[in-house]
Each structure stands twice: as C-alpha cells, then as structure tokens.
Amino acid sequence: MYLKSFDIQGFKSFPDKVSLIFGGGLTAVVGPNGSGKSNIAEAAQWVLGEQNPRALRCEKRMEEIIFHGAAHRGPMGFAEVSLLLDNSGGLFPMEQQEVLVTRRLYRSGESEYFLNKTAVRLKDVLELFMDTGLGRDGYCLIGQGRIGEILSDKSGDRRRVFEEASGISRYRHRKEESERKLALAADNLLRIGDKIEELELQVAPLREQAETARTYLRMRDELRGLEINLWLEALQKLRLSHDRVRDNYTDLTAQLEAGKMAVDELYAEAERL
Ligand code: ATP
C-alpha cells in the first residue's frame, strides 16, 4: 500500500492547510517537541474513522481536535483531513486508481466522510480499510508507547492485531454483524410468536361474531323480500277497491242523470197540466 499525500486543515496544531506529498522510499517527519509530529499520525488515525476522542489525546469530546486558537490566531470552525492512497494494485475494491478518503468535523459536532469526494457513511470507510492494516484495529499506525501496550495486552486484545494482519477482520466484522442481525431476527420471531398466540385467542369469539353477522345478513334479506311482498299485496287490494269505487261512481252518475231527466219531464208535465 502506498500513501501518496496527506492534507490537513484545522486539525490540532495545523490551522492552515498543510499538504504532505510522499515520494518513494522512507519519509521521516522530524521536529522539536510539541511541534505537531504526533498530530500528523493522529490526523491519519482520525480520517480512517477513529471514534474514541481519548485515542487522539482529547479529554472528552472529538471537537477538541479542531484548532482551538493560539496567541495570534483565532480558533477554526472545522477540521478536515484527506488521505490519498494509491490503488493501482487494486488493493481496494474500487475502479479508481487512487482512493481519497476525507473526514470533516464542525464545532457543532456534525461530521462528514467522503470517498473520492462522494459523501459516504462511517461504515463505508471502516469497511473499505478493513483487512488492509489501516483499519480501526490496524497495525499500520502505531503511536508512542503502543508497541509496549500491544505486547502487554491481554491475548484477546492482541488477537485483533493479528486478525487484521491475516485478513480475517472483515470476516469477523461480518460474523459480528450477522450475529447481531440473527439476535434481532430471533427477537422479532419471539414477538411474532406472541402476537400469533394473542390472535389465536381472538379467533373463536371472532368466528362466533362472524356467524352472527352472517345470520343477520340472511334474515335482513328475507325481511326485505317479505316486506316487498306485503306492499305488493296491499297495492293490489287498493287497486281492486279503487276499480270498484270508480264503477259505483259511474253507475250512480248515470242514475243521477236519469233521475234529473225524470224530474225535468215531471216538471214539464205538471206545467202542461
Ligand atoms: P513530541 O515530540 O513531544 O511527541 P510532537 O511533535 O509529537 O511532540 P504533538 O504532540 O503532535 O507534538 O503536538 C502537540 C502540540 O499540538 C501542542 O503544542 C498542542 O498545544 C498542540 N495542539 C493539540 N491540540 C490542539 C488544538 N486543538 N488546537 C491547537 N493546538 C493544539
């Protein structure tokens, strides 16, 4: 793996943008105590996704890595570090010949990650560098006193360094993720089982209610049919009695006419007499 260049801005003792271009061979950074040599290594650790502020010598919060000002210089609002790695050997599963990884942090706590200038999640950065030795458990960045720490670590902690070197961290990470998902699925299964049991208890009363509803619908249809028949019968009766009354009326009208004529004739007869 070949580190091509490194840009730092606003990170710890580097308020202005500093670009370190690495040639072939070995590069050594020298300087007096407190001049910022360790800050460079920490910037590399940070851009690769370090989440523990203490691992970067901060007291509490990650925002402490942002340049906090000096005698003649005000504080910065953000810190940004970019690392450019060669990918001509195809070490990283990307088409590009170079991998530029960038991390930015604002004083508000808002954090951003980019891979080749495209915004990505922290998870993407961590996964990309897994098993390359540069990852979170990597052995490429070894700070002051870290060798001693690794040697005196518990064997379980030391194992992580060897896992990263032998390229199995990626699988361990995937295994842990699968175990997490499995546990989640088991939880969900348990909840669904409870739900099924709960629903099964409701099935019998619901079946009864459904039967009652079906009976109601059948009886309602029957009632509607009967009511219609009843109305039709009443209508028929009314029609018949209407015809009868109309015939009576016609007869009586004729009788009345005849009566009137008879009266007129009788009057005429009386007149003549
Ligand atoms: P040594 O050789 O003693 O290990 P070094 O060259 O590694 O020193 P560093 O530890 O990298 O030096 O840098 C320490 C310097 O960084 C200190 O002067 C400290 O004030 C400065 N520094 C750390 N954090 C910040 C910050 N947030 N803003 C400004 N300066 C900072």
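1. Ground rules. In this predicted model, local features need pLDDT of at least 70 and side-chain atom pairs count only at pLDDT 80 or more, while totals for chains, interfaces and linings use all residues. Residues are numbered from 1 along each chain as its sequence is written, and side-chain values use heavy atoms, with hydrogens and water left out.

2. The sheet. Start with the six strands: they form an open sheet in the order β2-β1-β3-β4-β5-β6, with antiparallel pairing. The edge strands are β2 and β6, each of which pairs on one side only. From one strand to the next, the twist averages 20°. Strands here are DSSP E runs of at least two residues, helices are H or I runs of at least four, and both are numbered from the N terminus. Two strands pair if DSSP finds at least two bridges between them.

3. Walking across the pairs. β1 and β2 are joined antiparallel over four bridges, and isoleucine 8 has valine 18 in β2 as its bridge partner. β1 also pairs with β3, antiparallel over six bridges; there, phenylalanine 6 is partnered by leucine 83 in β3. β3 and β4 pair antiparallel over nine bridges, and valine 81 stands opposite arginine 103 in β4. As background, strands of a sheet pair through backbone hydrogen bonds.

4. How covered is β3? Mostly: seven of its nine residues are buried. Buried means under 20% relative accessible area, exposed means over 50%, and partly exposed is in between (1.4 Å probe, protein chains only).

5. Helix α1. This helix (residues 37–47) lies across β1, β2, β3 (78–86) and β4 (98–106), at about 85° to β3. Its buried residues are Asn39, Ile40, Glu42, Ala43, Ala44, Trp46 and Val47. They pack against β1, β2, β3, β4 and α2.

6. Helix α2 and its partner. α2 lies across β3, β4, β5 and β6, running at about 45° to β5. α2 (residues 122–129) also packs with α5 (residues 169–272) at an angle of about 140°, their axes 9 Å apart. That makes α2 oblique to α5. For the cut-offs, under 35 degrees is roughly parallel, over 145 roughly antiparallel, 65 to 115 roughly perpendicular, and the rest oblique. Axes are lines fitted to C-alpha atoms, for helices over the stretch in contact, and angles run from 0 to 180 degrees between N-to-C directions.

7. Who touches whom? Which residues of α2 meet α5? They are Lys123, Glu127 and Leu128, which meet Arg170, His173 and Glu177 in α5. Contact means heavy atoms within 4.5 Å. The residues of this contact divide into one nonpolar, one polar and four charged. Ala, Val, Leu, Ile, Met, Phe, Trp, Tyr, Cys and Pro count as nonpolar, Asp, Glu, Lys and Arg as charged, and the others, Gly among them, as polar.

8. Most residues other than glycine have a negative phi. Lysine 12, though not a glycine, has a positive phi of about 45°. Lysine 12 sits in the loop between β1 (3–9) and β2 (18–21) and is buried, with a relative accessible area of 15%. Asparagine 116 also has a positive phi, near 45°. Its loop is the one between β5 (111–115) and β6 (118–120), and asparagine 116 is partly exposed at 21% relative accessible area.
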